[in-house]
Amino acid sequence: MSALDITRPDTVPQAVDRRLPRQLWRHPSGRAGLLIGLALLLCAAIGCVWTPHAPDVPNYANALKAPSLAHPFGTDATGRDMLSRVMDGAHRSIGAAVLVLGAVFAIGLVAGTLAGLAGGLTDSVVMRIADIAMTLPGLVLAFAVLGLLGPGFVNLLIALIIADWAWYARLARSLSLDARKRPHVIAARMAGIPRWRIILGHILPGVALRVGLVATLALGGMIGAISGFSFLGLGVQPPAAEWGALLAESRLFFALAPWLLIAPAGFIFLSVLSANLVGNALRDVASPGEA
Amino acid sequence: MTARFTGIQRGGLLVAALLRIGQALLTALAASVIVWALLPLAPGDVARRVLLARGMQDLTPAEIESAREELGLNDPLTIQFLNWLGGVLQGDLGQSFTSQAPVAREIMERLPATVMLLGLALAFSIALSLVFALIATACRDRWPDRAIRLYTQIGAALPTFVFALLALTFLVVGFQLGRVLADPSWSAALIPAFIIGLDRAASWTQLLRAGLLEAMASGYAEVARARGASERRILLRHALPNALLPFLTAIGVSIGALIGGVPLIEAIFTWPGLGAYLLEALSSRNYPVIQAYVLITALSYVTAALLIDLAALVLDPRLRDRPA
């Protein structure tokens with residue numbers, strides 16, 4: 001799926017166990033996706049401590065240079081090396097997506113399992129709130145919240161969390177309802193294990209694993225969504241580098257230096273591609289019965 | 001089997017359609033509560049902002065208090081909501097904080113441009129995904145299929161705004177295919193709409209291709225093959241109608257994404273529509289405009305989803321059944 005909206009994987013894995021990492025690695029598209037993802041993470045990690053040139057020191061004599069060995073992706077309007085800027089921005093782009101998805105994972109997991117297992121009034125209240133949050137398309141809700149809070153990086157994260165948590169709550173609820181009927185949970189109940197230990201030890205791990213897997217695969221789409229907001233100037237504020245903000249900066253010089261777009265666009269592309277490839281592999285290995 | 005044994009109540013089209021319409025009305029109501037709540041939740045004093053918008057300066061506390069009374073801000077929240085809803089139903093979306101003009105009028109000036117662009121983009125993406133998916137299925141595993149699969153992988157991994165930016169820079173400007181700055185007209189909308197359509201079509205082609213391949217491997221396709229029907233006939237007459245329904249539902253799901261992405265798309269194509277209006281309003285904290293934007297997009301999303309579901313109800317009688 002292309003990431004105009006906040007996209008999520010379209011399948012929830014059915015059978016998840018210890019063999020999954022190896023199965024994904026053996027699948028050709030899974031391996032490609034994992035390799036791309038690891039390379040991006042590595043790039044972000046390196047970018048935190050070292051970049052080929054200083055990412056934020058202008059050098060006007062060197063402005064808008066075409067790609068060369070010293071500057072593989074060229075230099076921007078103030079002579080800063082584009083590769084260094086993109087590497088410096090990687091931890092912001094990826095980190096922001098991790099923060100948002102980590103938060104919606106946690107909120108969704110707690111609210112969803114609580115609603116599913118408590119039932120009754122708790123269930124109705126939590127799920128009606130989730131329903132209301134889902135009446136608007138995710139991006140529109142995010143724009144509305146940004147309108148209230150005003151632009152800014154932290155506000156963008158809050159807006160995306162508000163726009164996205166309900167979907168994960170629904171997922172966690174249906175998975176926990178499902179888990180209650182699993183043989184190992186019934187067996188635990190018959191063995192007289194206390195309710196809270198069943199929930200924490202027998203239901204929650206499985207639900208958390210699957211919701212977590214879905215949230216991980218949503219990383220690519222979330223990076224795309226965050227870069228979209230930053231592109232509009234609503235997220236990461238200059239001079240801090242972030243892929244979407246870099247696209248917005250580079251765009252001003254598209255007639256003089258169109259190659260400046262390549263690095264940030266390419267990195268956004270690779271993050272979504274990595275998630276899509278792993279998602280395809282997951283559909284093949286972990287959802288038997290589906291074509 | 002009869003309804004008694006299957007535990008399913010065979011429903012009529014009318015009942016199912018009315019239920020779905022009722023559900024859409026409820027959703028619209030819930031959405032309008034969110035939209036209305038934006039104003040009381042907004043930081044700052046609304047009465048003060050309204051008076052400033054009217055061009056009054058040096059406000060005294062008494063003036064603000066009388067404005068609060070006049071705007072009904074001292075009423076209970078439910079009354080405020082009902083008053084607001086009543087105004088909206090009569091086409092009153094409030095007054096812009098910056099231009100002091102009625103928001104409804106400003107919206108109506110910009111709405112045609114957005115509808116034009118989105119409508120054309122939607123038409124392009126549906127047409128393109130139909131063509132691509134049919135070609136890919138007909139030439140399964142040969143080079144046209146491979147090429148289309150490569151295109152769908154790339155298209156699905158590029159967010160629409162990134163794709164649009166690259167296409168605009170490298171194709172349109174690079175090869176001088178059209179003007180970048182455009183006044184909203186059908187001919188000016190063609191290139192942007194085609195670019196958006198090409199990106200959207202990527203994920204829809206994947207979906208439709210999967211559906212078509214599944215249908216081509218199904219029992220009824222096998223029967224048609226045994227009867228001597230040509231592959232082309234099986235594809236167009238048997239597989240396509242069956243694969244269209246899930247495709248339609250998928251379109252319904254991603255229409256929200258299309259609508260939500262309007263501000264980005266319009267920013268890239270410098271298109272003077274609703275999205276550009278929203279971005280202006282966001283930077284000046286122009287709450288009535290933000291409210292109006294969210295309301296209009298929410299209502300068009302609810303309507304689009306409703307129309308698609310109604311179409312599905314007409315096409316597939318099984319969807320009219322309810323668990324008894």
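Trainee: Why does A:Ser176 count as buried?

Mentor: A:Ser176 has 23 C-beta neighbours inside 10 Å, and a residue is called buried if 20 or more other C-beta atoms lie within 10 Å of its own, exposed if 12 or fewer do, and partly exposed in between, with the C-beta atoms placed from the backbone; A:Ser176 therefore counts as buried. This is a predicted model, in which local features need pLDDT of at least 70 and side-chain atom pairs count only at pLDDT 80 or more, while totals for chains, interfaces and linings use all residues. Residues are numbered from 1 along each chain as its sequence is written, while chains are lettered from A and ligands numbered from 1 in the order in which they are written.

Trainee: Where is A:Ser176 found, and which residues is A:Ser176 in contact with, leaving aside its neighbours within four places in sequence?

Mentor: A:Ser176 belongs to helix H6 of chain A, residues 153–180, where a helix is a DSSP run of H or I with at least four residues, a strand is a run of E with at least two, and both are numbered from the N terminus. Two residues are in contact if their C-beta atoms, placed from the backbone, lie within 7 Å, and beyond its neighbours within four places in sequence A:Ser176 has A:Gly112, A:Thr113, A:Gly116, A:Leu117, A:Ile203 and A:Val207 as contacts. The C-alpha atoms of A:Ser176 and A:Gly206 are 8.6 Å apart in space, although 30 residues separate them in sequence.

Trainee: What makes B:Ala164 a residue of the buried or the exposed kind?

Mentor: B:Ala164 has 23 other C-beta atoms within 10 Å, and this count makes B:Ala164 buried. B:Ala164 lies in helix H8 of chain B, and, once neighbours within four places in sequence are left aside, its contacts are B:Ile195, B:Ile196, B:Asp199, B:Ile265 and B:Ile268. One of these, B:Ile265, is 101 residues away along the chain, yet the two C-alpha atoms are separated by 7.6 Å.

Trainee: Why is B:Gln100 called exposed?

Mentor: B:Gln100 has 12 other C-beta atoms within 10 Å and is therefore exposed. B:Gln100 sits in the loop between H5 and helix H6 (103–138) of chain B, with a phi near 65°, a positive value in a residue other than glycine. Most residues other than glycine have a negative phi. B:Thr270, not a glycine, also has a positive phi, of about 40°, and is exposed with 12 other C-beta atoms within 10 Å; B:Thr270 is in the loop between helix H12 (262–268) and helix H13 (274–283) of chain B.

Trainee: Why are H2(B) and H5(B) called roughly perpendicular to each other?

Mentor: Helix H2 (residues 13–41) and helix H5 (residues 77–89) of chain B pack at about 115°, with their axes 11 Å apart, the axes being lines fitted to C-alpha atoms over the stretch in contact and the angles running from 0 to 180 degrees between N-to-C directions. Angles of 65 to 115 degrees count as roughly perpendicular, those under 35 as roughly parallel, those over 145 as roughly antiparallel and the rest as oblique, and H2(B) and H5(B) are therefore roughly perpendicular. Their contact is made by B:Ser32, B:Val33, B:Trp36 and B:Pro40 of H2(B) together with B:Leu77, B:Phe81, B:Trp84 and B:Leu85 of H5(B).

Trainee: How do you know that H11(A) is mostly covered?

Mentor: Of the 25 residues of H11(A), 20 are buried. Helix H11 covers residues 262–286 of chain A and reaches 35 Å from its first C-alpha to its last, close to the 36 Å expected at 1.5 Å a residue, an expectation given by 1.5 Å times one less than the number of residues. In chain A as a whole, buried residues make up 49% of the 291 residues.

Trainee: Which residues of H11(A) meet H8(B)?

Mentor: A:Ala265, A:Ile268 and A:Phe269 of H11(A) meet B:Val162, B:Leu165 and B:Leu166 of H8(B). By class this contact has 6 nonpolar, no polar and no charged residues, where Ala, Val, Leu, Ile, Met, Phe, Trp, Tyr, Cys and Pro count as nonpolar, Asp, Glu, Lys and Arg as charged, and the others, Gly among them, as polar. The axes of H11(A) and H8(B) come within 11 Å and cross at roughly 145°.
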